[in-house]
Amino acid sequence: FARRLHKTVRKLLPDCEIRFIRSEDGSGKGAAMVTAVAYRLAAQHKARQKILDALKLSHEQLLEVKQRMRMEMENGLGKETHAEATVKMLPTYVCSTPDGTEKGDFLALDLGGTNFRVLLVRVRNGMRRGVEMHNKIYSIPVEIMQGTGEELFDHIVHCISDFLEYMGMKGVSLPLGFTFSFPCQQNNLDEGILLKWTKGFKATGCEGEDVVNLLKEAIHRREEFDLDVVAVVNDTVGTMMTCGYEDPYCEVGLIVGTGSNACYMEEMRNVELVDGEEGRMCVNMEWGAFGDSGCLDDIRTEFDLAVDELSLNPGKQRFEKMISGMYLGEIVRNILMDFTKRGLLFRGRISERLKTRGIFETKFLSQIESDCLALLQVRSILQHLGLESTCDDSIIVKEVCTVVARRAAQLCGAGMAAVVDKIRENRGLDFLKVTVGVDGTLYKLHPHFSTVMHETVKQLSPKCDVSFLQSEDGSG
């Protein structure tokens, strides 16, 4: 019987290699085996939960984060405390938001990464109110990013020249706004002293210099056209102003993408670095550095420390490293490595791919957490990463992604709650209605990030009615 059975099965399934093993006392041993497996799974589940619990923040912890952010904001605004403050609260000299009567043709430059854009923006008011944009994207080669400042700004001016020719506008003198997404100290709307390069830029002779002057000098060297550089703008401010054109309540800008930052309209009397008591000024918070003083150490986990230690700027931008797209995938990878080493995932086998830094991109987080995604698709993403996973492994990976992204959104919400509450208290209001202009891939593309963030702001700032408006191309 056995021989015929084996022969028939093999004949019918030539592609499968099948072994038959005789069970000794299956029903007795089997019951014990089922129990043993259930015990093992329960113990593993408990071990995983214990590790993940460190990443789950309670309402009290989030309130504490909100209060600490508020204290750091006060330090950044104060004359005495500014030098030591980690959240720099830089004045931007932008003193009002759009009221809808603006009109005219303007040039804009947008430099924030490896690509650089030149735009012509036509603003119309009256019946045909709206904004019409033409732009062209230029790349900045690595050798120019890391060469001299003169080479970098000559390249930028070359691109402007090409764009004006492309638009048939050579010889027209237009007012120009310069979006420059690097930390700058501003003493005027049209002056920005570069504090430090980030994002892989290393051009010499720029740090400590006014970028508007560097641009003007390069324009003079070319002797082809003249431009009136009116404003240097941080990308968060650009986002706030873009949304402010659509919604008069918009007084806050937020970016949650590769990095994270925020700005808002502060009362002049609180901006101690600038003379004057009347009116308001937009403050660029540079909030990514929140926690650099050690005030978030009680909620940072071993995984945050590991990501920080191996980053380009250890010890810096600690808040950003817990909430922004550049780092979330790396936090997830560190947790998966830890689980695997403890035998709680991938049957305890660490693949070479999993050891590779940066392999787990943040876009995988968004894909894995997407509601319509079946576990088969999660498995295929893991397979693409060279990870042989079972169905159970896929469920665990999905849970890790959820926990990491949820914490990021909650922390971001706690920071935002501190901002809107400060605006409300500044104005002595019992209730504030305000809009936040938002940009950034993490906010826009992750399936749950925005929802969790909005809920957190609502819970932590019950006296504020906060709306969120997505910015379309705020930096340009």
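The second largest pocket holds about 1100 Å³ of space. Of the 39 residues that line this pocket, Phe 106, Val 121, Val 123, Met 241 and Gly 476 are the closest to its centre. The model is a predicted one.

Which elements build this lining? At least two residues each come from strand 2 (104–111), strand 3 (115–124), strand 4 (130–139), strand 5 (175–180), strand 8 (228–233), helix 7 (235–246) and strand 13 (464–470). Helix 7 gives the most, with seven residues. By type, the lining residues of the second largest pocket are 23 nonpolar, 11 polar and five charged.

Rolling a probe the size of a water molecule over the atoms shows where empty space is left. There are two cavities of 30 Å³ or more. The largest cavity has a volume of about 70 Å³. Its lining consists of Leu 90, Pro 91, Thr 92, Phe 180, Phe 182, Cys 184, Gln 186, Val 232, Val 233, Asn 234 and Asn 284. Strand 1 (90–91), strand 6 (184–188) and strand 8 supply at least two residues each. Domain 1 and domain 2 each give at least three residues to the lining of the largest cavity. Seven of the lining residues are nonpolar, four are polar and no residue is charged.

The second largest cavity has a volume of about 40 Å³. Arg 300, Asp 304, Val 307, Asp 308, Arg 318, Lys 321 and Met 322 line the second largest cavity. Helix 8 (302–309) and helix 9 (318–323) are the elements that give two or more residues to this lining. How does the lining of the second largest cavity divide by residue type? Two residues are nonpolar, no residue is polar and five are charged.

Now turn to the aromatic rings. A pair of aromatic rings is described by the distance of the centres and the angle of the planes. The whole structure has 11 aromatic pairs. Phe 290 lies in the loop between strand 11 (280–284) and helix 8, and Phe 319 lies in helix 9, so the pair ties together parts that are 29 residues apart in sequence. Phe 290 is buried, with a relative accessible area of 0%. Phe 319 is buried too, also at 0%. Another edge-to-face pair joins Phe 360 and Phe 364, with 6.1 Å centre to centre and 75° between the planes. Phe 360 is buried at a relative accessible area of 3%, and Phe 364 is buried at 5%. Ring pairs also link Phe 178, Phe 180, Phe 182, Trp 197 and Phe 201 into a cluster.

Last comes helix 13. How far apart should the ends of helix 13 be? At 1.5 Å a residue, its 36 residues (391–426) should span 52 Å. The end C-alpha atoms are 53 Å apart, which agrees. Helix 13 is mostly covered, with 28 of its 36 residues buried. Gly 428 follows helix 13, and its phi is positive, near 60°.

Methods
Residues numbered from 1 in each chain as written. Predicted model: local features only at pLDDT ≥ 70, side-chain atom pairs only at ≥ 80, totals over all residues. Heavy atoms only, no water. Helix = DSSP H or I, 4+ residues; strand = E, 2+ residues; numbered from the N terminus. Expected span 1.5 Å × (residues − 1). Buried < 20%, exposed > 50% of the residue type's maximum accessible area, 1.4 Å probe, protein only. 1 Å grid on protein atoms, 1.4 Å probe; cavity = no way out; pocket = protein on both sides within 12 Å on 5 of 7 lines; lining within 4 Å. Points joined across faces, edges and corners; volume = space filled by probe spheres on them. Nonpolar A, V, L, I, M, F, W, Y, C, P; charged D, E, K, R; others polar. Domains from an automatic or database assignment. Phe/Tyr/Trp six-rings, centres within 6.5 Å; stacked < 30°, edge-to-face > 60°.
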